[in-house]
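Subject: Structure handover

Dear colleague,

Here is the structure I said I would pass on. My notes on it follow below the entry.

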Amino acid sequence: MSDSILSIRGLRKAYASGTEALKSVDLDIQRGEIFALLGPNGAGKTTLINIVCGIVTASGGTVTVDGRDHATEFRATRSMIGLVPQELTTDAFETVWATVSFSRGLFGKPRDDAHIERLLKRLSLWDKRKSKMMELSGGMKRRVMIAKALSHEPKLLFLDEPSAGVDVELRRDMWNLVRDLRRDGTTIILTTHYIEEAEEMADRVGVIRRGELVEVGDKAELMARMGQKTLKITLDPPLEALPEALAEWTPSLEDDGHTLTYAFDSHADTTGISGLMRALDGLGIGYKDLSTHQSSLEDIFVSLVHEAEPAA
């Protein structure tokens, strides 16, 4: 990829116990995009992030950040990365201002009070700048973690489960901030269980399962390629059972016989809908309404995660 800010090749992580947390992951992140990494707990999302951020050592593979090798130029590559971890870890007795300013200094950046002020105002933390961390609510602490991650003006920002345990208002604020950051040129990688937010926010989506990246693609493209459509036919009167003559379409009867549901691939040469409707007319089955439903990213995610799962 010509303009990738992060390039991962053959990334592996195995523990002494024999557990493989990552199995030869290849991934390119484009400059300025929002990339959502989806997967169940234990899939390897946090391990991947922690390797790129230098918290965990890889067992193999390479990581390149903005053209620089992660292993040989670690200080330079790490200074380009901001991380908002899942866990809220801050010094309880420090003030908000000191916490964020100190974080900037850790990356060797010169003091810039104007930048810290802009950051705190943007995150609705300015009024809390003199408050000690232990005096803040969980939501406010989460805002401080974001401010810390942005204090050294990184090019690449990791948000590891950023919405976990935060209220709806903060979640909305956070996603507005993410959009603003992207407009400013920051590249964002997020892991999330809130799939509807990934669907709303991300440009591309990756699905990780048992340490393997099983799917990566443009969000709309992924939904178009993998998403099925469902035709729902509201029957009038309802049916007690499915007639044998409809078996070739394998529809299902729902809502106590009031709804006939038929799943089809909208990209197939023939959807089968016209044949099904002719069959209904031929059988004298009445209907009063038709509607179609496109699979959501959540439907696709669930199917990918459970696809080829080993039998219990």
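Thr250 is exposed, because its relative accessibility of 65% is over the 50% cut-off. The model is a predicted one, and in it Thr250 sits in the loop between E11 and E12. Its phi is near 40°, a positive value in a residue other than glycine.

The loop between E11 and E12 also holds Leu246. With a relative accessibility of 1%, Leu246 counts as buried. Apart from neighbours within four places in sequence, Leu246 is in contact with Pro251, Leu260, Leu276, Ala279, Leu280, Leu283 and Ile285. From Leu246 to Val305 there are 59 residues in sequence and 31 Å in space, C-alpha to C-alpha.

Pro237 is another residue of the loop between E11 and E12. The peptide bond that joins Asp236 and Pro237 is cis, with omega at about 5°.

Next, the sheet. Four strands make up an open sheet with antiparallel pairing, in the order E12-E13-E11-E14. The edges are taken by E12 (252–254) and E14 (287–294); each has a single partner strand, so one side of each has no neighbour in the sheet. From one strand to the next, the twist averages 25°. Six bridges pair E11 (residues 229–235) with E13 (residues 259–264) in the antiparallel sense. Lys229 stands opposite Phe264 in E13. Helix H9, residues 273–282, lies across E11, E13 and E14 and runs at about 15° to E11.

There are two helix pairs to report. Packed helices are described by the angle between their axes and the distance between those axes.

H5 (residues 138–150) packs against H6 (residues 168–183) at an angle of about 15°, the axes being 11 Å apart. Since angles under 35 degrees count as roughly parallel, H5 is roughly parallel to H6. On the H5 side the contact is made by Gly139, Arg142, Arg143, Ile146 and Leu150, and on the H6 side by Leu170, Asp173, Met174, Leu177 and Leu181. H5 and H6 cross in the right-handed sense.

For H3 (residues 96–106) and H4 (residues 113–122), the packing angle is about 125° and the axes are 11 Å apart. H3 and H4 are therefore oblique to each other. Their contact involves Val96, Trp97, Val100, Ser101 and Arg104 of H3, together with Asp113, His115, Ile116, Glu117, Leu119 and Leu120 of H4. The crossing of H3 and H4 is right-handed.

In the loop between H4 and H5 lies Ser124. Ser124 is not a glycine, yet has a positive phi of about 55°. At 43% relative accessibility, Ser124 counts as partly exposed.

Asp28 belongs to strand E2 (residues 20–30). Its relative accessible area is 13%, so Asp28 is buried, the cut-off being under 20%. The side chain of Asp28 makes a polar contact with the side chain of Arg9, at 2.6 Å.

If you start with one region, which residues does Leu246 contact, leaving aside its neighbours within four places in sequence? Among them are Leu260, Leu276 and Ile285.

Regards

Definitions and conventions
Residues numbered from 1 in each chain as written. Predicted model: local features only at pLDDT ≥ 70, side-chain atom pairs only at ≥ 80, totals over all residues. Heavy atoms only, no water. Pairing = 2+ DSSP bridges. Helix = DSSP H or I, 4+ residues; strand = E, 2+ residues; numbered from the N terminus. Axes fitted to C-alpha atoms, helices over the stretch in contact; angles between N-to-C directions. Contact = heavy atoms within 4.5 Å. Buried < 20%, exposed > 50% of the residue type's maximum accessible area, 1.4 Å probe, protein only. Polar contact = N/O pair within 3.5 Å; in protein donor to acceptor, adjacent residues only side chain to side chain. Parallel < 35°, antiparallel > 145°, perpendicular 65-115°, else oblique. Left-handed = near helix turned anticlockwise from the far one by under 90°.
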